[in-house]
Amino acid sequence: MTTETILSSPNLTISCEECGLAVAIPALQDNQKAHCPRCEHLLTKKIAKPYQTATAYASACLMMLILSISFPFMSFSVQGLTQEINLLQAAQMLGEYQNTLLGLLLFATVLVLPFIYISLMLYLYYKAVSNKGRPKRYVTHCCKILFIIEPWLMVDVFLLGVLVSLVKIASLAEISLGYSFFTFCVYAVLVVKCVSLVDKIWLWEQLIPAKSLQHNYEGDTHLSQTHLSCHTCHQINPDNQTAQQTCLRCGSPLHHFDMDANLQKVWALLLTAIVFYFPANLYPMMYTVSLGSSTPSTIMEGVILLWQLGSYPVAAIIFIASVFIPLIKIFALAWLFISAKKLNKLPESEAAKKLTIYRITEFIGRWSMIDIFVVAILVALVQLQKLMAIYPGPAALSFAAVVIFTMLSAMKFDSRMLWRQSAEQSTQKTELTKPYSQPIND
């Protein structure tokens, strides 16, 4: 099979993961995308020369990662004392000051998970193009792992945290940037590009083509009770009305649409985040030791200090990412969960608005991790014996928990609950109000 293989065969039916509508995907040409005609969610896309492009970017990304951990990252100098660190030391220093979990979080999201993701990407794209016989079971597992770890890649967030930390300490001492800093900037850009190149539908279609079904499910929804959609590979499966069903394509367990069970899970995760939110804002995020005197600093105190020093853009970034976004995300998710419970028959225009809010809420959640990465850099860099040092405070771990649990709550929320129809409509096919017989251009 050549690298120019068409993305999907004609009449491949996919169930939209965000609104539940079953849509027939036409054969796409290079640089074309297909969107759901109901909610405008991107269903799939066709990248010109997918194998060569993905391989080139992924290979360059691995090279930049190796260079990023091979040389000094930055150094901090004051009154003749110098502290130099590399990326690995940033995670190690957190472990030395009784914050092993934060150190592991930084190490995993910035180095380990991106390395696994890029490596799996190279391997799976090679298997997708070579396509020598039926892929073994571990290929399917690798594909599942690829998409599970994708939301937890925070290289770009860490880079912004590094830039913020530079502004924070630039007025205190002289900062020197090492070779690894510049290679890390390139590495961060390449990671983002690699993630944008990976298309779930294309990859599954090349590894394991979708199983063709005799029944035409186009226009059905998750409420039609005619099929079950696999959240892993998007294969449409006939609903056999049994408790235990697995996907015909990837073998993943299938679940019937259960609004109450899903709401219980997402509420539990959100309430856990709320519990951690209070200590995250009340306790110190870090301690600054200068000439034997220790000064605690909460998130808001750090924002106020930056504002007083005249670093208005940085103060605004920290306030938005560490105070505003977590709070707004908690309220937005709670509002969506309550709305989903109360919905009976909602016009599609209103459902689309709520879905847009959900998409924004899910996207911005990871950027709250900036403050954690700022603390990690400062703790690793500012360690000049008794002259000056920075240590992590008890709020750091609580704040990381807030970010993680809000992200989990948003990811576990089944957005199809926003597209509930009346009992009469749920047994009928949904009319596609937008033309979908032709591919949608990029």
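The following questions and answers concern a predicted model.

Student: Which residue in β6 stands opposite Val78?
Tutor: Strand β5 covers residues 74–78. It pairs with β6 in the antiparallel sense, over five bridges. The residue in β6 opposite Val78 is Leu81.

Student: Is Ile66 buried or exposed?
Tutor: Ile66 is found in helix α1, which spans residues 50–68. Exposed residues have over 50% relative accessible area. Ile66 has 53% relative accessibility, so the residue counts as exposed.

Student: How far apart in space are the C-alpha atoms of Ile66 and Thr183?
Tutor: In sequence, Ile66 and Thr183 are 117 residues apart. In space, their C-alpha to C-alpha distance is 9.1 Å.

Student: How many disulfides does the structure hold?
Tutor: A disulfide requires two cysteine sulfur atoms within 2.5 Å. For Cys194, the closest cysteine sulfur is in Cys61 at 4.8 Å, which is too far for a bond. Cys230 is in no disulfide either, with the nearest cysteine sulfur, that of Cys250, 3.6 Å away. The number of disulfides is zero.

Student: What is the relative accessible area of Cys230?
Tutor: Buried means under 20% relative accessible area. Cys194 is buried, at 0%. Cys230 is also buried, and its relative accessible area is 1%.

Notes. Residues are numbered from 1 along each chain as its sequence is written. This is a predicted model: local features need pLDDT of at least 70, side-chain atom pairs count only at pLDDT 80 or more; totals for chains, interfaces and linings use all residues. Side-chain values use heavy atoms; hydrogens and water are left out. Helices (H or I, at least four residues) and strands (E, at least two) are DSSP runs, numbered from the N terminus. Buried means under 20% relative accessible area, exposed over 50%, partly exposed in between (1.4 Å probe, protein chains only). Two strands pair if DSSP finds at least two bridges between them.
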